[in-house]
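Look over the sequence and the model first.

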Amino acid sequence: MITSQNLVAVFLAIAVAIEKDKDRLSELDGVIGDADHGVTMSIGFTAVKNALAGLDLAEAEPATVFNTAAKSFLKAVGASSGPLYATAFMRAGAAVKGRSELDRDAMVEAFQAMARGIQDRGKAERGDKTMVDAWLPASEALGEAAGKDATLTECFEAAAKAAAEGAEATKAMVASKGRASRLGERSLGHMDPGAASTALIVQTMAEEVAK
Ligand code: ADP
Ligand code: MG
Ligand code: MG
């Protein structure tokens, strides 16, 4: 079972992972975007970390953790990833509203709600070379694993693998959404920074739920 406390630990671990990979993410964005993706994600998750520190975890339910993350991320991040992740966290909160702890199926629902939220908000399709190309395969792999009765840990391992493969696959795509779309064919051969950070985020989630 994932408690509010566990969920906060997941967000904190993501903040640490993003901080560590901040330069690589900005470098990736420097090739096909405006070189700020590591910085924007770092600003966002630092804001989330600070906002979550103000929660009373004896009282706050998992939905409150997600909603607090959503609000702080949106407020802190001006870049396109701001509303995308804010929507993701808000949708996850709505998916688990009223639950005091999250079992495997609730975690799967929350994750899939995040992926759908990002897609709804950004209107990117698979193959547009965005974070959706990592979030969607991850969400599908998670659902598939859950359908085969895999454990929570196994489900997230499958999602992390799919997110990494999805990010890798963006190298062969031409961007048609977001800033990188201005490059057209010149975006070919480079990994999408948003998909790269997604792979990192899902990998971190997998490591945390395995604990
Ligand atoms: P900005 O482009 O405003 O500087 P970031 O650098 O933080 O924002 O994020 C860029 C990433 O956002 C891209 O690599 C891509 O994955 C993602 N992105 C941009 N537009 C969209 C969209 N419409 N839908 C989904 N993801 C998007
Ligand atoms: Mg950018
Ligand atoms: Mg920017």
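A crossing is left-handed if the near helix is turned anticlockwise from the far one by less than a right angle, and right-handed if clockwise. Helices are DSSP runs of H or I with at least four residues, numbered from the N terminus. By that rule, α2 passes α3 in a right-handed crossing.

The model is predicted: local features need pLDDT of at least 70, side-chain atom pairs count only at pLDDT 80 or more, and totals for chains, interfaces and linings use all residues. Residues are numbered from 1 along each chain as its sequence is written, with chains lettered from A and ligands numbered from 1 in the order in which they are written.

**Helix pair.** The axes of α2 and α3 (residues 62–76) lie 8 Å apart, at an angle of about 135°. Axes are lines fitted to C-alpha atoms over the stretch in contact, and angles run from 0 to 180 degrees between N-to-C directions.

**Ligand 1.** The shell holds 24 residues, each with its backbone-placed C-beta atom within 6 Å of the ligand. Among the closest are Ala79 and Gly194.

The largest share, three residues, comes from α8.

**Asp105.** This residue sits in α5. Asp105 counts as exposed because it has 11 C-beta neighbours inside 10 Å (exposed means 12 or fewer).

Methods
Helices (H or I, at least four residues) and strands (E, at least two) are DSSP runs, numbered from the N terminus. A residue is buried if 20 or more other C-beta atoms lie within 10 Å of its own, exposed if 12 or fewer, and partly exposed in between; C-beta atoms are placed from the backbone.
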